[in-house]
Amino acid sequence: MKPRIYLSSPHMSGEEMAYVQEAFDSNWIAPLGSNVNALEQDICRFTGSRYALALSSGTAAIHLALIVAGVQKDDIVLCQSLTFAASANPILYLGAIPVFIDSEPVTWNMCPDALETAIKHYLHSGKKPKAVILVHLYGMPGFLKEIILICEKYDIALIEDAAEALGSAYFNQKLGTFGSLGILSFNGNKIITTSGGGALLCQCQEYLTKAGFLASQAKDDAPHYEHSEIGYNYRLSNVLAGIGRGQMKVLPDRIQKRRSNFDFYKKNLAQLPGVTFQEEPNGSFSNRWLTVILFDPEVSSVRPEHVSKILTQNNIETRPLWKPMHLQPLFRQASYFGGNVAENLFMRGLCLPSGSGLSEDELLRITDHIRSVF
Ligand SMILES: *Cc1c(COP(=O)(O)O)cnc(C)c1O
């Protein structure tokens with residue numbers, strides 16, 4: 001059996017250990033320290049965000065973003081349905097009400113029309129939604145211009161879940177910096193990793209201060225420990241931030257390599273009947289975190305399951321698209337606005353191995369097996 005090919009493996013630069021050693025040498029083995037500060041600066045420099053707060057996960061960042069945006073128990077939060085559960089779980093942490101929105105077929109992200117329909121519906125019933133969570137799936141920017149206009153028109157906070165989209169851009173501005181709040185993830189499978197970690201991006205000092213306060217146990221200003229709000233232990237370890245600093249150095253290379261994986265797949269698979277890709281609209285730049293292919297059942301009898309089966313037999317990992325949240329047992333009771341775009345994408349798509357460590361031989365191995373199914 002040939003060695004296993006994973007969907008998206010960690011890919012170290014070799015510079016991480018020096019920063020990790022710094023943490024040990026200075027004995028800052030803590031959820032704060034010079035690596036944390038430097039990583040936050042690196043993130044700001046790279047994304048153009050005014051502020052960044054390094055946190056223990058992307059999920060923690062979403063949780064804090066919702067609190068900072070003012071979301072409380074029984075508030076409505078409008079969230080893209082086609083996403084990973086981590087986008088939506090923090091809505092439940094707060095006892096708020098998730099309402100799911102369908103995707104549009106171009107970028108596969110939140111459909112602006114369905115979003116506006118949902119907002120109007122809740123305004124009519126006298127319950128203005130508190131926040132919108134837009135996800136940039138697989139690195140692809142959503143319809144930001146349209147969604148920002150809607151959020152501004154109705155004065156609703158926009159939270160960008162850019163967990164998969166570090167380095168992606170929309171008309172030359174990096175994702176995560178458009179909304180009033182944005183989040184990144186450094187989980188092990190993302191484009192760069194701290195093994196586990198994330199960041200909150202925000203453009204106003206007040207949000208940064210509030211999120212930083214909540215992330216470190218909400219300690220009031222007093223000589224003893226005084227608390228008047230619920231706090232969380234959400235800061236990133238200074239040891240792990242060292243890994244992040246080493247990873248930030250090679251982020252542009254990682255983006256380039258993931259984009260070249262996409263180009264390779266497209267060149268070698270686009271001629272197969274019914275196979276299509278997630279395309280970049282004008283002005284959009286995707287980091288191509290994962291390459292996803294769609295199969296058209298009206299053109300060919302090949303289904304994603306047939307391809308994943310052959311690849312699994314050959315020790316190659318694949319994954320279906322995210323199963324939409326409105327179809328998940330956990331969110332059975334949640335309302336949903338839209339049609340069947342997200343569901344269709346889920347039925348027709350397959351995520352291919354997309355790590356930045358993939359060799360040309362491995363890519364050829366994958367595409368040869370896929371071609372053999374047709
Ligand atoms: C990975 C991911 C998250 C969560 O990030 P963690 O760092 O794993 O908590 C949130 N949203 C999306 C879309 C993700 O892919």
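**The ligand and its surroundings**

Author: Around the ligand there are 15 residues, of which the closest are Thr59, Asp161, Glu164, Ser185 and Lys190, where a residue counts as near a molecule if one of its heavy atoms lies within 4 Å of it. This is a predicted model, in which local features need pLDDT of at least 70 and side-chain atom pairs count only at pLDDT 80 or more, while totals for chains, interfaces and linings use all residues. Residues are numbered from 1 along each chain as its sequence is written, and side-chain values use heavy atoms, with hydrogens and water left out.

Reader: Which polar side-chain atoms lie within a few Å of an oxygen atom of the ligand?

Author: A polar contact is a pair of N or O atoms within 3.5 Å. Here a polar side-chain atom of threonine 59 lies 2.5 Å from a ligand oxygen atom, and one of serine 185 lies 2.7 Å from a ligand oxygen atom. Glycine 197 contributes a backbone N or O atom, 3.5 Å from an oxygen atom of the ligand. Of the 380 Å² of accessible area that the ligand has on its own, the protein covers 94%, by the Shrake-Rupley method with a 1.4 Å probe.

Reader: Is lysine 190 buried or exposed?

Author: Buried means under 20% relative accessible area, exposed over 50%, and partly exposed in between, with a 1.4 Å probe and protein chains only. Lysine 190 counts as buried because its relative accessibility is 9%. Lysine 190 lies in the loop between strand S8 (181-185) and strand S9 (198-202), strands being DSSP runs (E) of at least two residues and helices runs (H or I) of at least four, numbered from the N terminus. Beyond its neighbours within four places in sequence, lysine 190 is in contact (heavy atoms within 4.5 Å) with Ala163, Glu164, Ser185, Arg258 and Trp289. An unreviewed UniProt entry lists Lys190 for "modified residue: N6-(pyridoxal phosphate)lysine", an annotation that may be inferred rather than shown by experiment.

Reader: How many aromatic pairs does the structure hold?

Author: Rings of Phe, Tyr and Trp (its six-membered ring) pair if their centres lie within 6.5 Å, and planes under 30 degrees apart count as stacked, over 60 as edge-to-face and the rest as tilted. The structure holds 10 such pairs. One of them, phenylalanine 100 with phenylalanine 331, is edge-to-face, at 5.0 Å centre to centre and 70° between the planes. Both of these phenylalanines are buried. Tyrosine 138 and tryptophan 289 form a stacked pair, with 6.4 Å centre to centre and 10° between the planes.

How values were computed
A polar contact is a pair of N or O atoms within 3.5 Å; within protein, one must be able to donate a hydrogen and the other to accept it, and residues adjacent in sequence count only if both atoms are side-chain atoms.
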